[in-house]
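Here is a walk through a two-part question: how one chain is built, and how it meets its partner. Keep the model in view as you read.

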Amino acid sequence: MANEHITADVIEATEFPELADRYQVMAVPKIVVNDRVEFVGALPEAQFVQQVLRAVQRQPT
Amino acid sequence: MAFISLQDQEYLRRRFADELDQPVKLILFVRPDLRLFIPGQQPGTSRETRQLLEELVALSEKLSLEVHDVTAEPELARQHNVTLTPTLIMGDATQRKGTPRFIGSPSGYEFLTVVEDIIDLSKGDPGLSEETLTRLATVTEPLHILVFTTPT
């Protein structure tokens, strides 16, 4: 909602078992960002943002 | 039979009356029910989701629902990057920057997630701290967040 580049899809895992399998969802909530970063469980806002932003942070070269 | 009980309808009607500011449009992409049972393929929840959302938008004149059939409007589905049904897109492009969507039937506890999102969109306030908003403002490339949930 806060940035035009960000899309958030909440997916009902039991309804789309193939997708849940592909992302190896064993517990919910499971969060996957840009197919690069993933984590399980509800986090406090600041930590959540930190995890999400890892997906777009450049790796040091 | 209604999905939203009379008691919940009353609760939501009051919350919407108190908390909604700007109108919010819900855009739902559905697929018609198959008349054929295909082994391995689960029946979708498009019909239930549509009924649930019709009941929801009836609780406030500030809410509206637009329903599209992905088989009849494949180009529109592509434009919105919709591949699964039902997909609910909350708000139109005029009232938000990014795109919050719900894929599947928003039942159980997840129904409340949709209600809270609608209220946030209507207020134009995602309910995040200043610090979070500042950090999110630095994002200049596509960021696609998938959140897997279950109804409980």
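Which residue in E4(B) is the bridge partner of A:Val10? B:Phe102 is that partner. The model is predicted, so local features need pLDDT of at least 70, side-chain atom pairs count only at pLDDT 80 or more, and totals for chains, interfaces and linings use all residues. Residues are numbered from 1 along each chain as its sequence is written, while chains are lettered from A and ligands numbered from 1 in the order in which they are written.

E1(A) and E4(B) run parallel and share 5 bridges. Two strands pair if DSSP finds at least two bridges between them. Helices (H or I, at least four residues) and strands (E, at least two) are DSSP runs, numbered from the N terminus.

Now take chain A by itself. Its order along the sequence is β-α-β-β-α, with 2 helices and 3 strands. The C-alpha trace spans about 35 × 30 × 20 Å along its principal axes. Of the 61 residues in chain A, 23% are buried. A residue is buried if 20 or more other C-beta atoms lie within 10 Å of its own, exposed if 12 or fewer, and partly exposed in between, with C-beta atoms placed from the backbone.

A:Asp9 sits in strand E1 (residues 6-12) of chain A. It counts as buried because it has 20 C-beta neighbours inside 10 Å. Beyond its neighbours within four places in sequence, A:Asp9 is in contact with B:Arg101, B:Ile103 and B:Leu146. Contact means that C-beta atoms, placed from the backbone, lie within 7 Å.

Step back to the whole contact. Chain A gives 33 residues and chain B gives 38 residues. On the side of chain A, E1, strand E2 (30-33) and helix H2 (45-53) each give two or more residues. E1(A) supplies the largest share, 7 residues.

Finally, turn to helix H4 (residues 110-123) of chain B. At 1.5 Å a residue, times one less than the number of residues, its 14 residues should span 20 Å, and the end C-alpha atoms are 20 Å apart, which agrees. Buried residues of H4(B) include B:Val114, B:Ile118 and B:Leu121. Among what covers its buried residues are strand E1 (24-30) and strand E4 (99-103) of chain B. After H4(B) comes B:Gly124, with a positive phi near 70 degrees.

Conventions
Contact = placed C-beta atoms within 7 Å.
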